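This report describes selected features of the structure shown below.

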Amino acid sequence: MSASLECCLKSFVRDVLKKDDKFINFEKDKRTIKEYVSNNKRATIHLYEKKKMNNGMVAEIIKMSSCRNITVQFEDGEIVYHKCYQSFVKGNILHPKDTSLAKKNQRLNLRKQMKNGMMAEVIEYNLSNDIKVKFDNGEIVKTRWERFSTGSVAVPSCYARNHIGDKKIQNRGNEEAEIIEVKDANHITVKFKDGTIVKDRKYEDFIHGAIGKPGIPQLRRTLKNERLWTEKIMRNGMKAKIVRYGSANDIDIKFSNGTIVMHKTYANFCSGSVACK
């Protein structure tokens, strides 16, 4: 083994592997060292490298699985995972807080047309799941960036206009209730036939018949309660109704001609593939 090669190996052991080179017999371990370097050079050759990023902060590679998967730690202790070594070399790795700030600056005041046809603008951006958008009619809605980006943010007044006057039998007391006021999907007011008014309930509870008058025990929503008596047209053109719900894999179905088929699955019922036998 040449002196220059031994010097390089000592440097490798000392600076990269962080081990004491005095306890390694290079001549004896030459084959083992060669195999180790061959198998690990991509994963360790750049370990502990430091470089100043474009944001002015020094970053160090603290873990390297491959050139496309490195972990970098900034001088203030913040860690960034799953980055590319090429980005590290070019100084393009952003500090985590810089990333959040960049997204905020990029998304704030962005305007987009929602699926309801109205334009909305991001007027406040805290986190991706905590933003506020303002519609052209002045209404402000707190929502998530994902819903804004897909155009799925609803206008509260439109929601109210669409559902006021809806009626449905509520299972808690088996009485019909009517929606008389809507602030949003989580704040509706319903009125029962005897004049009883219940405020600040969810529209989802109204749909599932889970709203009751004061004093009536709360109905625990279960899949059984929601799916029992559900009707659907099967592929054979006949109407079918769930008359017993044991579980998603054990339901009984009654067809419009009176035939009852037992022990079917809810998935087959939903796809309309239950045959009348």
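## Aromatic cluster

W145 and F148 both belong to helix α5, where three residues, about one turn of the helix, separate them. The model is a predicted one. Both W145 and F148 are buried; for W145 the relative accessible area is 15%, under the 20% limit for a buried residue. The ring centres of W145 and F148 lie 5.4 Å apart with the planes at 40 degrees, so this pair is tilted.

Six aromatic pairs are found in a search of the whole structure. In another of these, the rings of Y125 and W145 have centres 6.3 Å apart and planes at 70 degrees, so the arrangement is edge-to-face. This pair links distant parts of the chain, since Y125 is in strand β6 (residues 119-127) and W145 is in helix α5 (residues 145-149), 20 residues apart. Y125 is buried as well, at a relative accessible area of 6%. Together, Y125, W145 and F148 make up one aromatic cluster.

## The sheet β1 to β4

Four strands in the order β1-β2-β3-β4 form an open sheet with antiparallel pairing. At its edges are β1 (50-52) and β4 (79-83), each of which pairs on one side only. Neighbouring strands of this sheet are turned against each other by 30 degrees on average, direction ignored.

Three bridges connect β3 and β4 in the antiparallel sense. Across this pairing, Q73 stands opposite I79 in β4.

## Nonpolar core

The largest nonpolar core comprises 13 residues, and those with the most contacts inside it are I61, I70, V72, F74, F88 and I93. At least two residues of this core come from each of β2 (58-66), β3 (69-74) and α3 (85-90).

Leaving aside residues up to four places away in sequence, I70 touches a set of residues including I61, M64, V80, Y85, F88 and I93. The contacts of I70 also include K63, Y81, H82, K83 and C84.

## The sheet β13 to β16

A further open sheet has four strands in the order β13-β14-β15-β16, again with antiparallel pairing. β13 (231-233) and β16 (260-264) are the edge strands, each with a single partner strand, so one side of each has no neighbour in the sheet.

β13 and β14 (residues 239-247) run antiparallel and are joined by three bridges. The bridge partner of K232 in β14 is A240.

## Charge over a ring

R227 lies over the face of Y266, at 3.9 Å from the ring centre.

Conventions
Residues numbered from 1 in each chain as written. Predicted model: local features only at pLDDT ≥ 70, side-chain atom pairs only at ≥ 80, totals over all residues. Heavy atoms only, no water. Pairing = 2+ DSSP bridges. Core = buried A, V, L, I, M, F, W, Y, C linked by side-chain atoms within 4.5 Å. Buried < 20%, exposed > 50% of the residue type's maximum accessible area, 1.4 Å probe, protein only. Contact = heavy atoms within 4.5 Å. Axes fitted to C-alpha atoms, helices over the stretch in contact; angles between N-to-C directions. Phe/Tyr/Trp six-rings, centres within 6.5 Å; stacked < 30°, edge-to-face > 60°. Lys NZ or Arg CZ within 6 Å of the ring centre and 35° of its normal.
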